[in-house]
Amino acid sequence: MAIYKVGVVGAGTMGAGIAQVISTHGTPVVLKEGNDQFLQRGMGTLRKAYEGRVAKKRMTPEEMEQKMKLVIPTTRYEDFKDVDLVIEAAPEILKIKLEIFKALDQACPASAILATNTSALSISGIASATQRPEKVVGMHFFYPAPFMKLVEVIPGLVTGDETVEEVISFAESLRKLPVKV
């Protein structure tokens with residue numbers, strides 16, 4: 001399975017950083033937040049990061065606009081209907097993550113991989129909120145996501161080998177160093 005479109009849940013510091021990493025490498029990203037205020041703040045963070053690259057002459061203004069167009073802001077889970085991978089970057093509160101994964105399980109195609117950016121919570125526990133625990137995996141980016149190379153790939157008890165391999169391959173396509181833990 002190839003990953004052609006990614007969803008990111010959470011437009012805070014980590015979510016916006018992850019969306020930047022993905023869009024920088026040319027993959028469309030649906031960036032979801034709970035309300036328009038937080039969503040616009042996340043998009044502003046993303047734009048500011050790209051403007052910094054333009055100021056340092058690492059990107060042209062035209063390239064920046066092309067990258068920004070790859071990020072599709074939304075407040076609706078329905079906009080994940082055609083993603084291949086979703087990376088959840090919500091606060092480290094299990095109840096919140098379980099609600100998100102239940103909604104993702106219903107909104108995303110059955111083939112989609114659901115990943116969490118958690119650094120401490122149980123992947124298997126989060127996967128229990130879905131009907132596809134074999135497609136749930138940890139994909140932990142380190143802060144700040146655009147600059148840190150390491151990405152931990154954390155399988156749950158029933159995460160499929162193919163899911164782990166796809167996430168590792170995708171992380172490598174982002175020029176990250178994935179480590180299975």
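Reader: Which residues in H3 does H2 meet?
Author: Happy to start there, and do keep in mind that this is a predicted model. From H2, the residues taking part are Met43, Leu46, Arg47, Tyr50, Glu51 and Val54. Their partners in H3 are Pro61, Met64, Glu65, Lys67 and Met68.

Reader: Is H2 roughly parallel or roughly antiparallel to H3?
Author: Let's look at the angle. The axes of H2 and H3 (residues 61-69) come within 9 Å and cross at roughly 155°. Angles over 145 degrees count as roughly antiparallel. Therefore H2 and H3 are roughly antiparallel.

Reader: How do the axes of H1 and H2 cross, and what does that make H1 to H2?
Author: Here we compare H1 (residues 13-24) with H2 (residues 36-55), whose axes come within 9 Å. They cross at roughly 50°, and the crossing is right-handed. Because of that angle, H1 is described as oblique to H2.

Reader: Which residues in H2 does H1 meet?
Author: On the H1 side we find Ala16, Ala19, Gln20, Ser23 and Thr24. By class, the contact of H1 with H2 has 5 nonpolar, 5 polar and 1 charged residues. The H2 residues are Gly42, Thr45, Leu46, Ala49, Tyr50 and Arg53.

Reader: Which element gives the largest share of the lining of the largest pocket?
Author: This pocket holds about 370 Å³ of space and is lined by 25 residues. The elements giving two or more residues to its lining are H1, H2 and H4 (94-107). With 4 residues, the largest share comes from H2.

Reader: Which residues lie nearest the centre of the largest pocket?
Author: The lining as a whole divides into 10 nonpolar, 10 polar and 5 charged residues. Nearest the centre lie Gly10, Glu33, Ala89, Ala90 and Pro91.

Reader: Where is Lys57, and what is its phi?
Author: Lys57 sits in the loop between H2 and H3. Its phi is positive, in a residue other than glycine. The value is near 65°.

Reader: What joins Tyr143 and Pro144, and what is omega?
Author: Pro144 has its place in the loop between strand E6 (136-141) and strand E7 (150-155). A cis peptide bond joins Tyr143 to Pro144. For this bond, omega is about -5°.

Key
Residues are numbered from 1 along each chain as its sequence is written. This is a predicted model: local features need pLDDT of at least 70, side-chain atom pairs count only at pLDDT 80 or more; totals for chains, interfaces and linings use all residues. Side-chain values use heavy atoms; hydrogens and water are left out. Axes are lines fitted to C-alpha atoms, for helices over the stretch in contact, and angles run from 0 to 180 degrees between N-to-C directions. Angles under 35 degrees count as roughly parallel, over 145 as roughly antiparallel, 65 to 115 as roughly perpendicular and the rest as oblique. A crossing is left-handed if the near helix is turned anticlockwise from the far one by less than a right angle, and right-handed if clockwise. Contact means heavy atoms within 4.5 Å. Ala, Val, Leu, Ile, Met, Phe, Trp, Tyr, Cys and Pro count as nonpolar, Asp, Glu, Lys and Arg as charged, and the others, Gly among them, as polar. On a 1 Å grid over the protein atoms alone, a cavity is a set of points where a 1.4 Å probe fits but cannot get out, and a pocket is an open set with protein on both sides within 12 Å along at least five of seven lines; lining residues have an atom within 4 Å of a point. Grid points are joined across faces, edges and corners, and a volume is the space filled by probe spheres set on the points.
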